[in-house]
Amino acid sequence: MEGLTFLVVEDSPTMRQLISFSLKRFKGCRIVEAVDGVDALKKLSSEKVSMILTDINMPVMDGLKLVSLVRQNPDLKAIPIIIITTEGADEDRQRGLALGANAYIAKPIQSSHLIKTINDLVPGAGQ
Amino acid sequence: MPDKDDSSEQLLKKGEEFLKLYNMGRQFTEELLKENERLRFQLARMEGQGSTEHTGNLNKEIARLRERIQELEAETRQTMEKYQQVEAENKDFATRYVEVEEQNNNLANLYVASYQLHSTLDFQEVLQIVIEIVINLVGSEAFAILLLDEKTNELKTLGHEGADVFPGIDALTAKVGEGIVGGVVKSGESYFVNQAPDEAQVDLQHPLAVVPLKIKEHCIGVIAIFSLLKQKSSFSAVDYELFNLLAGQAATAIFASKLYSQSERKLSTIQSFLDLLTTSG
């Protein structure tokens, strides 16, 4: 399988680095970073992305809006999306999944959990 | 009467011949019977001998097979023991894999936290990074970063999160040595509530954890944690490591950035003063 391209959408540089650190376990992967939803849409227009990992609470455009817009776009709607957020309540999870996210991970994240979730969504992604 | 004599003689001769023939036949028959008897006896003996040999062979085969069964049973036992041993080793490896995985995760968290803390000399940015670490890596919902004002010997909130959950968290103050927060600054020892407390027992005077920010033995402030995110029930092992890291490295980063900001301000003032002197000169 060709190396995956991950789009990490997160306003916190600490979390961006932590998520990217975990993703580097996928051999040959490429990581594109965005600081909010608008930045993510810009990156999506110029990059071929295999998966989106997004926070919810971000300035300018939040993660839920981003999920909604990606799912409405015929060119992007097939991209798997994982929400990574501090909002761990069940209703938040349900809302995220109802909008079209494929998985929902509450912070603080465990690297092994993130890797397993990605492997479940993209069989053969490898590490 | 010669004819009569001849015929009697002939008859006698024939009788003798017949008798002789009969005796020969009887002798032959007796010999046949004897031979028959001998052969039957021999046959019976041979049959007897054959059966014993056959039984002997069977017994030998059975003994050999029993021995083989015992060997195979011993091999099976050994194989089972090896299998159980390998299974136990596998379980051990699986447990160790999980432990290593967890350690790897913890090290990644510590590396990222450390890297970020020292990535800038801007005081506000350092404060923001400490806040991000406590939210994202520890999983705290409400907390405050209090720094010590050495002139007044009082701690004041300089950064916080969760004012909606704990109103007043943005304006906390504490004297050194007073209460839990002030006590931590004085002793330099971290404070933790080990058991998950009743929510009602946690207030601004009774935090879940207080971590001193220390440069060697000098305490410059604390991080006081009042609540954790809903999905997090208690502190984990890595949290204590993060607290230790924050206690040392966050303190250094905050102190260095503060000094840098002050020196920048002073440099700017001196530069302005020099500019003024040059212009007026």
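Biologist: How many residues of chain A are in contact with chain B, and how many of chain B with chain A?

Modeller: This is a predicted model. In it, 17 residues of chain A are in contact with 20 residues of chain B.

Biologist: Which elements give two or more residues to the side of chain A that touches chain B?

Modeller: They are α1 (13–23) and α5 (111–121) of chain A. The largest share, seven residues, comes from α1(A).

Biologist: How do the residues on that side of chain A divide into nonpolar, polar and charged?

Modeller: Nine are polar, seven are nonpolar and one is charged.

Biologist: Changing topic, what does the domain assignment of chain B give?

Modeller: The assignment gives domain 1 (1–117) and domain 2 (121–268). In their contact, domain 1 of chain B takes part with seven residues and domain 2 of chain B with 11 residues. On the domain 1 side, three of the residues are nonpolar, four are polar and none is charged.

Biologist: And the largest nonpolar core, how many residues has it?

Modeller: That core has 83 residues, and B:Val130, B:Leu146, B:Val222, B:Ile223 and B:Ala224 have the most contacts inside it. Helix α2 (residues 123–138) of chain B provides the largest share, 11 residues.

Biologist: Why does this core lie between domain 1 and domain 2 of chain B?

Modeller: The core lies between them because both domains give residues to it.

Biologist: What is B:Val130 in contact with, leaving aside its neighbours within four places in sequence?

Modeller: B:Val130 is then in contact with B:Ile145, B:Gly159, B:Leu246 and B:Ala250.

Note on methods:
Residues numbered from 1 in each chain as written. Chains lettered and ligands numbered in written order. Predicted model: local features only at pLDDT ≥ 70, side-chain atom pairs only at ≥ 80, totals over all residues. Domains from an automatic or database assignment. Contact = placed C-beta atoms within 7 Å. Nonpolar A, V, L, I, M, F, W, Y, C, P; charged D, E, K, R; others polar. Core = buried A, V, L, I, M, F, W, Y, C linked by C-beta atoms within 7 Å. Buried ≥ 20, exposed ≤ 12 C-beta atoms within 10 Å, placed from the backbone. Helix = DSSP H or I, 4+ residues; strand = E, 2+ residues; numbered from the N terminus.
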